[in-house]
Amino acid sequence: MQETAAGHAGDLTAIAFVILVAVLAGLGLMRLKQPPLVGFILAGVLLGPSGLGVVSTSDENVTMLAEMGVLMLLFFIGMELSLKAFVATLKPAVKIAGGQLAAAMAITFGLKLISNATLAEAIILGFIIALSSTVVAMKMLEDIGELRTEPGRIAVGVLIAQDLAVVPMLIISTSLGGTEKVDWVSLVMKIVVAVAVLAGLLWYLGRRPKLKPSFAAAIEDNVEILALGSLAFCFAAASISGLVGLSPAYGAFIAGLVVGASTLRSPVIHVVEPIQSILLVVFFLSIGLLIDLDYIVDNWGLVLIAAIVVVLAKTFLNVLLIRLAGLPHKTAVEAGLSMAQIGEFSFVLAAAAFASGAIGTDVYRLALAVTAITLLVSPAWMALTRRLEGEARFGYHEFREALAEIYEGQVETVEDLGFWLRVRGRALRRAFRRRRALRAVARRDKTEAHDKVALERPPDRDSAGE
């Protein structure tokens, strides 16, 4: 009895330690103006087999909770999805998401030609690279105030299109494994059915008023029943979807769409969001547990090059595809940068493909390492690139203004190369002086505003008493 009690006490201590480390890591990343989920991944790395070994990847409870977190994420995305806004951005979003997938496939099939990768590995790696992180991208757009503007709407549309594509990707990834020959007819039929059901549901829900269940009035103020009923509905739909040969994540998303189109949407979101947040923390912790630090240390060159290439390629391709869709430069830059990382569902795809035998151990570990690194560096990459791009755009504008002021548009007719260079040198120096003056004014205004606030602030009680 004493041994059992001691064992439970040890388990509780480990759980408390895990929660404490996750909270501290999340707070630390928040102080650095980075998404807390990056801290949760780092906490998983620290506590996992490659770190302190507090939590094991073989822990079935962690795995189950992480899978529930994925289901809850799709359920929540389905509930929050605005059908009208999604339909409005559907055409460019599908074009951009399709272009991302085509470009990723071109890259991985090109790598297949110069390596010993299999067809299944090329396909699955293409899927993994094509996806971006819904959670990270939305958080970054929210932090810069662009989530509800045009860049945010386009990015969210593309991310939802990617999330919908996860369903057929999971079906394909799990079907490519094993020794048996792939039944492509059955596979295509599953995808057609999944897309047809989703399209029919979107059409039906978009053409009618909010669904009003007969029991809505009785339960909308009952937090316990709403929470339990929502979880039951989400997991029941996921189970049915899994039983008929589709992905459980697909069923969870369908359930979210139905709830989101009902009068219970707002109260359900209110009670489910904390549960979803907790399960997502477990999910990102589990991602950290999967990262093999020994593999990264032994193959740091390959992992680093792959991560840099992925981030740069995705940034360039995202901006290019959004511009080709007819959207302005600012929208393309903001939305493209927000999707420069590999997404959280790529972990799910990699794990499913590895479990089915579709990809080998080295490919699996490389995919996990590169995905984790892109998630970790994505917020910093966006902040740096936006700053550089903004500086370059402002500097070019100032440079052109200086040229116009000095030569009133006649500089382009000058044929003397030496004079042409001196002209631009003087304009460049003037642009730099103007920029320094503007920065000095901005710093002075900020200092004056701070001093004004300090003077207007009422004295505290201790000072007043003295």
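**View 1. Helix α6 along its length.** Helix α6 has 12 residues and reaches 17 Å from its first C-alpha to its last, close to the 16 Å expected at 1.5 Å a residue (the expected span being 1.5 Å times one less than the number of residues; helices are DSSP runs of H or I with at least four residues, numbered from the N terminus). The model is predicted, so that local features need pLDDT of at least 70 and side-chain atom pairs count only at pLDDT 80 or more, while totals for chains, interfaces and linings use all residues. Residues are numbered from 1 along each chain as its sequence is written, and side-chain values use heavy atoms, with hydrogens and water left out. Because 10 of its 12 residues are buried, α6 is largely enclosed by the rest of the structure (buried means under 20% relative accessible area, with a 1.4 Å probe and protein chains only); among them are E121, G126 and F127.

**View 2. Packing of α6 against α17.** Helix α6 (residues 119–130) and helix α17 (residues 345–356) pack at an angle of about 165°, with their axes 9 Å apart (axes are lines fitted to C-alpha atoms over the stretch in contact, and angles run from 0 to 180 degrees between N-to-C directions). That angle makes α6 roughly antiparallel to α17, a term for angles over 145 degrees. I124, F127 and I128 of α6 meet S346, L349, A350 and A353 of α17, where contact means heavy atoms within 4.5 Å.

**View 3. Surroundings of E334.** E334 lies in helix α16 (residues 329–338) and, at 7% relative accessibility, counts as buried. Leaving aside neighbours within four places in sequence, E334 is in contact with L141, I144, E146, P151, M382 and R386.

How values were computed. Helix = DSSP H or I, 4+ residues; strand = E, 2+ residues; numbered from the N terminus. Parallel < 35°, antiparallel > 145°, perpendicular 65-115°, else oblique. Buried < 20%, exposed > 50% of the residue type's maximum accessible area, 1.4 Å probe, protein only.
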